[in-house]
Amino acid sequence: MRDFETLSQAMNALREEGYVEDFNLKQNCIECGNGEFTVFHNEFEIDEYFRFEGMSDPGDNSILYAISSEKYGLKGQLVNGYGIYTEPITNEMLQKLKMD
């Protein structure tokens with residue numbers, strides 16, 4: 001796995017690789033294009049992920065997911081805090097986004 005010092009470095013590198021969509025996490029799916037695309041857990045793959053930890057504030061912790069959907073021909077990014085496990089999402093979404 002690649003290593004980036006900052007979230008913005010990773011996001012810029014992924015954009016250069018075609019991960020240009022900005023995905024938003026919903027309860028049972030991810031969305032992009034202002035709701036134009038609704039992508040369910042069985043319609044996307046997590047290609048890579050990167051963890052970033054804040055130097056002094058645990059609130060700065062985040063995970064960047066590089067996501068692709070063959071069904072919709074989409075590649076994009078989802079940024080979320082480590083608190084994803086407390087978000088109100090379905091078990092299927094939780095399993096898909098779980099970091100082992």
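Visitor: What makes β2, β3 and β4 an open sheet of three strands?

Guide: Strands here are DSSP runs of E with at least two residues, helices runs of H or I with at least four, all numbered from the N terminus. The order is β2-β3-β4, with antiparallel pairing. The edge strands, β2 (24-25) and β4 (37-40), each pair on one side only. This is a predicted model, where local features need pLDDT of at least 70, side-chain atom pairs count only at pLDDT 80 or more, and totals for chains, interfaces and linings use all residues. Residues are numbered from 1 along each chain as its sequence is written, and side-chain values use heavy atoms, leaving out hydrogens and water.

Visitor: How do you know that β2 pairs with β3?

Guide: Two strands pair if DSSP finds at least two bridges between them. Two bridges join β2 to β3 (residues 29-32), so the pair qualifies. Asn-24 stands opposite Glu-31 in β3.

Visitor: And how many bridges join β3 to β4?

Guide: Four bridges join them, and the strands run antiparallel. Cys-29 stands opposite Phe-40 in β4. In their hairpin, with four residues between the strands, Gly-33 takes a positive phi near 65 degrees.

Visitor: Why is a set of residues called a nonpolar core?

Guide: Because its members are buried Ala, Val, Leu, Ile, Met, Phe, Trp, Tyr and Cys residues joined through side-chain atoms within 4.5 Å; buried means under 20% relative accessible area (1.4 Å probe, protein chains only). The largest has 13 residues, and Phe-23, Ile-30, Phe-44, Ile-67 and Leu-78 touch the most other members. β6 (62-69) is among the elements giving two or more residues, and gives the most, with three.

Technical notes. Buried means under 20% relative accessible area, exposed over 50%, partly exposed in between (1.4 Å probe, protein chains only).
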